[in-house]
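Please look at the structure first, then read the points below.

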Amino acid sequence: MNRVDLPYQEARPLIREGDILLFRGAGWVSYFISRAGESPYTHCAVASWINDNNGGILECVEFREGKGGRSVNLSIQVDNLPGQIDVYRPIPSVTHWEYNPISEDPFSLIRQDLDARAVTNTMRKMTGLPYGWKRIWWLFKHKAIVLRLFTDVEGLTADELEDIVYPVCSTALAYCFNKNGYDLIHNKSDQWAEPADIARSARISYLFTLTKSSSLV
């Protein structure tokens, strides 16, 4: 992608409800997540407006290690991590073919529109839950050279939508989209989603990178 740096003050009115925030981390935990996922992205969140207009508060709703599920002012995140947060936008709708053997035309093209507010409301309802360190352990076992031989490969692609018992940033985000009819990561279970999977989704597009403004908004 061609990186576009945009000061937060200019970018803020351009950000919509449900835009995805992908973080490029720099710490030792981020180092291992980046290598395991083969991606520079080590954390993800979703943007959400309070009052649903540019005169309101723009928040970052996320699951953060050591913090759990929370909503924080996005301007503070940008101030702490300038140039490390990329904004992506989901496409307005997704389609899939559905087979019905008793229909005259057995194939129907089904369209699902994105309900961004429903996605962020689901994510907000999960704030306050603890961070899923157990899920991190499960993801590690899947990545480990020896332990991955015992991975349930059917479980990696399971279509059944279940509650995310041990949420981390990427599993929570994938779950919230999928629960509202918008499958962000095709052919991979939400329970195994990683930040790299979110970034590789064909259903989102890069917009710009947030840099620090002269003053917080």
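Phenylalanine 107 sits in strand E8. This is a predicted model. Phenylalanine 107 is partly exposed, with a relative accessible area of 47%.

**Nonpolar surface patch**

- Phe107 belongs to a nonpolar patch on the surface, together with Trp97, Tyr99 and Leu109.
- These residues together have about 520 Å² of accessible area.
- Strand E7 (93-99) and strand E8 (107-113) are the elements that give two or more residues to the patch.
- Phenylalanine 107 counts as partly exposed because its 47% lies between the 20% and 50% cut-offs.

**Arginine 24 and aspartate 86**

- Arginine 24 and aspartate 86 form a salt bridge, and their closest N and O atoms are 2.9 Å apart.
- The pair links distant parts of the chain, 62 residues apart.
- Arginine 24 lies in the loop between strand E2 (20-23) and helix H2 (28-37).
- Aspartate 86 lies in strand E6 (residues 85-90).
- Both arginine 24 and aspartate 86 are buried.

**Glutamate 59 and arginine 124**

- A salt bridge joins glutamate 59 to arginine 124, with the closest N and O atoms 2.9 Å apart.
- This pair also links distant parts of the chain, 65 residues apart.
- Glutamate 59 is in strand E4 (residues 57-64), and arginine 124 is in helix H4 (residues 116-125).
- Is glutamate 59 buried or exposed? Glutamate 59 is buried, at a relative accessible area of 12%.
- Arginine 124 has 22% relative accessibility and counts as partly exposed.
- The two partners fall into separate classes because buried means under 20% relative accessible area, with glutamate 59 at 12% and arginine 124 at 22%.

**Aspartate 113 and arginine 111**

- Aspartate 113 and arginine 111 meet through their side chains in a salt bridge, at 2.8 Å from N to O.
- Aspartate 113 is partly exposed, at 40% relative accessibility.
- Arginine 111 is exposed, with a relative accessible area of 58%.
- Arginine 111 counts as exposed because its 58% is over the 50% cut-off.

**Salt-bridge network**

- Which residues are linked in a network of salt bridges? Glu62, Arg64, Glu65 and Arg70 are linked in this way.

Key
Residues numbered from 1 in each chain as written. Predicted model: local features only at pLDDT ≥ 70, side-chain atom pairs only at ≥ 80, totals over all residues. Heavy atoms only, no water. Salt bridge = Lys/Arg side-chain N within 4 Å of Asp/Glu carboxyl O. Helix = DSSP H or I, 4+ residues; strand = E, 2+ residues; numbered from the N terminus. Buried < 20%, exposed > 50% of the residue type's maximum accessible area, 1.4 Å probe, protein only. Patch = residues over 30% accessible without salt bridge, like charges linked within 9 Å, V, L, I, M, F, W, Y side chains within 5 Å. Areas by Shrake-Rupley, 256 points an atom, 1.4 Å probe, with all protein chains shown as cover.
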